[in-house]
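I opened this notebook to keep track of what I looked up, item by item. The structure goes in below, and the entries follow.

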Amino acid sequence: CFLLVIALILRTLVDGGVANPPLGLGLGAVYAGCLVLIGYHRYAQMLRLGSVFASCGFLLFYAILLEGHARFGILSAPAAYAGLAAGLAAAALPRRHRVPVTALCIGILGAAVTGIALEFPYPRLPFLAALLLLAGIAAYRVRNAERCAWLKWTVLGLTVVFWFLWVVRVRASLGGAGNAAADPALNWLVPCLAAYTLLYILAALMAVRREHGFGRFEALLPAVAALGGYAVAQAALAPAWSVYEPTATAALASAGVFLLLGFRLAGRPRPRMRAAAAFILPGAAVLAVSLPGAVPLPAAFATTAAAGLAIALISIHWRCRPVRACSYALQAYACAAAVATGALAVQSPLPVGRLVLAATLGLLACAHFAVCRYWKARHDGSWFDSVDPRDRGALLCILAGVAAFFAAGRILLFVSLGASGNDADSFQCAQSVALAMGAVAL
């Protein structure tokens, strides 16, 4: 508390009009920097209160930046964000054994929180995006410091919240009288999104090269990059600029990149299956959700089902349980999405096309189930061994196949009976009989 007495005296002089605000801000920033340097020196010399000096210095510096911009209006927004970036550098750049852990966490997390509060609730989104990107780099750099493992998770959570707020702002502009496409911040959305995506991919790839460096956090980064990027593009960019089909095409290309990276990682002389699965799972998910926007629905669902069978064959060769479970999800999603979108409805001007789609989905799903039963899953040490030790997830494939063949049978009955509004009862009766016969057969 006594370390902040000088700062309190300076604040009292500014409020009383004895000193002008720019002078008080400059003196306070110099005093905060001195506290940080003294704390670093005392901590390196293993003296007492080194962590207290540095932590108070960071807190005081961020408070000065916030007050100087929000209350007194002395600092412009770029200058305030530049000061926060300087605080990040002061916390993360020195050697980790020379920086107190408490000061390290306050210096990085405090900059991120102060950046969010700087112009809340209408921040300058590009500046805040750059600041949170730097905070993420700093938090990941000190991930191995003692008691700092939680810091990277916290900064990642703040980053996800920031992107959610950016999407909400774009959607609010679309729903109101404003024009979202005229928002200057929207022009920076694509570069910022690309920078975050590339950073997360590079962080995951660099972790693969380190021995025991690919942990849970690194395994999550490709999923955040792929699924988060697709969600932001689909929810904000596509409606703002009316580019739904190009957005889906770009998502398909990104899904291909993630799948290729996963295959490349698994094809090494010493396969790293965990890293390969971390890229293949989000790549397959983006492939499944983006195909309907880029190609016709029947082709999209058939391609998704075929991709599920292909990934199952690859997982058998790799002996990778997570990738095998991903193939089950793709197969079930293809059938469920076809039913939910009406692609397998009986009343259609083109019943033959829907019949072919239903039969294709049923054959692919049953073939998928047969393949997985013939080549049984082997334990690979992943957490899927404890979640599904008997590989019962393959039942999703047979359920999808039964549902698809039932849809094909309904279409055949509808065409053969010529069902209409007058004889719908005959169609319902024949459908019930077919359902009972199918149950007996199973």
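Before any helix number is used: helices here are DSSP runs of H or I with at least four residues, numbered from the N terminus. I also note that this is a predicted model.

**Entry: overall make-up**

I looked up the secondary structure and got 17 helices and zero strands for the protein chain. The chain has 442 residues, of which 44% count as buried. I then checked the contacts with a sequence separation of 6 or more, and residues 24 or more positions apart account for 71% of them.

I looked up F164 and placed it in helix α7, which covers residues 149–175. Is F164 buried or exposed? F164 has a relative accessible area of 54%, and because the limit for exposed is over 50%, it counts as exposed. I then asked which residues make a nonpolar surface patch with it. V161, F164, L165 and V168 make the patch, and its area is about 360 Å².

**Entry: nonpolar cores**

I searched for nonpolar cores next. The largest one has 101 residues, and I108, F162, W163, W166 and L189 are those with the most contacts inside it. Helix α11, residues 273–294, gives the most to this core, namely twelve residues. I took L189 for a closer look and left out residues up to four places away in sequence. What remains in touch with L189 is W163, W166, V170, V232, A236 and L237. I also found a second, separate core of 21 residues, with A302, A334, A343 and L344 among them.

**Entry: salt bridges**

How many salt bridges does a search of the whole structure find? I got three. As background, side chains of opposite charge can pair when their charged atoms come close.

I began with R124 and E119, whose side chains meet in a salt bridge at 3.4 Å, N to O. R124 is partly exposed at a relative accessible area of 40%, whereas E119 is buried at 15%.

I went on to R324 and D391, which form a salt bridge at 3.3 Å, N to O. This pair links distant parts of the chain: R324 lies in helix α13 (residues 321–340) and D391 in the loop between α15 (384–387) and α16 (395–417), 67 residues apart. Both R324 and D391 are buried.

I then found D391 in a salt bridge with R373, where the closest N and O atoms are 3.3 Å apart. Here too distant parts of the chain are linked, since R373 is in helix α14 (residues 351–374), 18 residues from D391. R373 has a relative accessible area of 31% and is partly exposed. I record R324, R373 and D391 as linked in a network of salt bridges.

I placed R319 in the loop between α12 (297–318) and α13. At 52% relative accessibility, R319 counts as exposed.

**Entry: cysteines**

How many disulfides does the structure hold? I found zero. I looked up C366, which is in no disulfide, and the nearest cysteine sulfur is that of C397, 9.3 Å away. C366 counts as partly exposed at 24% relative accessibility. C56 counts as buried at 14%.

**Entry: helix α17**

I ended with F427, found in helix α17, residues 424–441. F427 counts as buried at 5% relative accessibility. I also looked up V415, twelve residues from F427 along the chain, and the C-alpha atoms of the two are separated by 9.9 Å.

Key: Residues are numbered from 1 along each chain as its sequence is written. This is a predicted model: local features need pLDDT of at least 70, side-chain atom pairs count only at pLDDT 80 or more; totals for chains, interfaces and linings use all residues. Side-chain values use heavy atoms; hydrogens and water are left out. Patches are made of residues with over 30% relative accessible area and no salt bridge: like charges are joined within 9 Å, nonpolar side chains (Val, Leu, Ile, Met, Phe, Trp, Tyr) within 5 Å. Accessible areas come from the Shrake-Rupley method with a 1.4 Å probe; for residues, only the protein chains shown count as cover. A salt bridge is a side-chain nitrogen of Lys or Arg within 4 Å of a carboxyl oxygen of Asp or Glu. Helices (H or I, at least four residues) and strands (E, at least two) are DSSP runs, numbered from the N terminus. Buried means under 20% relative accessible area, exposed over 50%, partly exposed in between (1.4 Å probe, protein chains only). A nonpolar core is a set of buried Ala, Val, Leu, Ile, Met, Phe, Trp, Tyr and Cys residues joined through side-chain atoms within 4.5 Å. Contact means heavy atoms within 4.5 Å. A disulfide is a pair of cysteine sulfur atoms within 2.5 Å.
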